[in-house]
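Notebook open, model loaded. I wanted to look at a strand, a helix pair and some charged side chains.

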Amino acid sequence: LIVAVTAIIIISIFVYFALRFGRIQKKTNDELIKLNDQLYELATTDSMTQLFNRRHFIESAQRQITQMQRTNVSGAMLMIDIDDFKKVNDTFGHAVGDEVIAKVATILKANSREYDLVGRVGGEEYAMLLSPCEFDKANQIAERLRNKAEKLSISHQKNTIKITISIGLTMIKKEDKDIDRAIHRADMSLYKAKKSGKNKVVSD
């Protein structure tokens, strides 16, 4: 009887510690998963806007363009820039400038589709890869973004700050093995939008 009781006690202690170890291990694994998620977000996300950072946007867009070309899916690249942003910073300060950057990012996110990629690729510059997307749809999306930004107003002390954006649009081509080619064309169209009066969409 004593041996049986002793065995039961030992088994009970073993089961207790086994269960406790299992719970600790599960908690540790959950914490590791959470930490990995946080590290991934830090590595891929722009902290101010919660959009993809430049590096992750370019890497993701390159993969998506390769897939688009393999499956013969159309797509478009947009380069987007806040007009006269330096004047906002110089007049109202960097805190307001940061708010403008974040609010434009919110517009871009709210008007993107499930498979679109959106990133902040410079100080006040963003990029979008629209896929699948024909030219008419891409132009419609770009005009909607421009219109939403034009209607944006930010209050600062007794001032109401209005901003506009300019957008360069290009379609992804079969020869675009390197995403830099598409970005360059969209940048050239963006430059034309800036030179021809700003607050507009220009395509190549």
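I'm working from a predicted model. I began with β3, residues 125–130, and asked how many of its residues are buried. The count came back as 6 of 6, so I noted the strand as mostly covered, buried here meaning under 20% relative accessible area.

Entry 2, the neighbours of β3. Which strands pair with it? I found β1 (residues 76–82) joined to β3 antiparallel by 6 bridges, and I jotted down Asp81 as the bridge partner of Glu125. I also found β2 (residues 117–120), antiparallel to β3 over 4 bridges, with Val118 partnered to Met128. β2 and β3 make a hairpin, with 4 residues between them.

I checked α3 (residues 85–92) against α4 (residues 94–110): their axes come within 7 Å and cross at roughly 140°. Angles over 145 would count as roughly antiparallel, so I logged the two helices as oblique. On the α3 side the contact uses Phe85, Val88, Asn89 and Phe92; on the α4 side I listed His94, Val96, Gly97, Val100 and Ile101. By type, the contact residues come out as 6 nonpolar, 3 polar and no charged.

I got 13 in the structure. Among them, Asp84 pairs with Lys198, closest N and O atoms 2.5 Å apart. Asp84 is in the loop between β1 and α3, and Lys198 in the loop between α6 and β7, so this pair ties together parts 114 residues apart in sequence. I have both ends down as partly exposed, Asp84 at 38% and Lys198 at 29%.

Asp90 and Lys86 meet at 2.7 Å, N to O. They are 4 residues apart in α3, which means about one helical turn between them. Asp90 is exposed at 53%, as is Lys86 at 61%. In α4 I looked up Glu99 and Lys103, a salt bridge at 3.4 Å, again 4 residues and about one turn apart. Here I noted partly exposed for Glu99 at 30% and for Lys103 at 32%.

Last item: a salt-bridge network that links Asp176, Arg181, Arg185 and Asp204.

Definitions and conventions:
Residues numbered from 1 in each chain as written. Predicted model: local features only at pLDDT ≥ 70, side-chain atom pairs only at ≥ 80, totals over all residues. Heavy atoms only, no water. Axes fitted to C-alpha atoms, helices over the stretch in contact; angles between N-to-C directions. Parallel < 35°, antiparallel > 145°, perpendicular 65-115°, else oblique. Contact = heavy atoms within 4.5 Å. Nonpolar A, V, L, I, M, F, W, Y, C, P; charged D, E, K, R; others polar. Buried < 20%, exposed > 50% of the residue type's maximum accessible area, 1.4 Å probe, protein only. Pairing = 2+ DSSP bridges. Salt bridge = Lys/Arg side-chain N within 4 Å of Asp/Glu carboxyl O.
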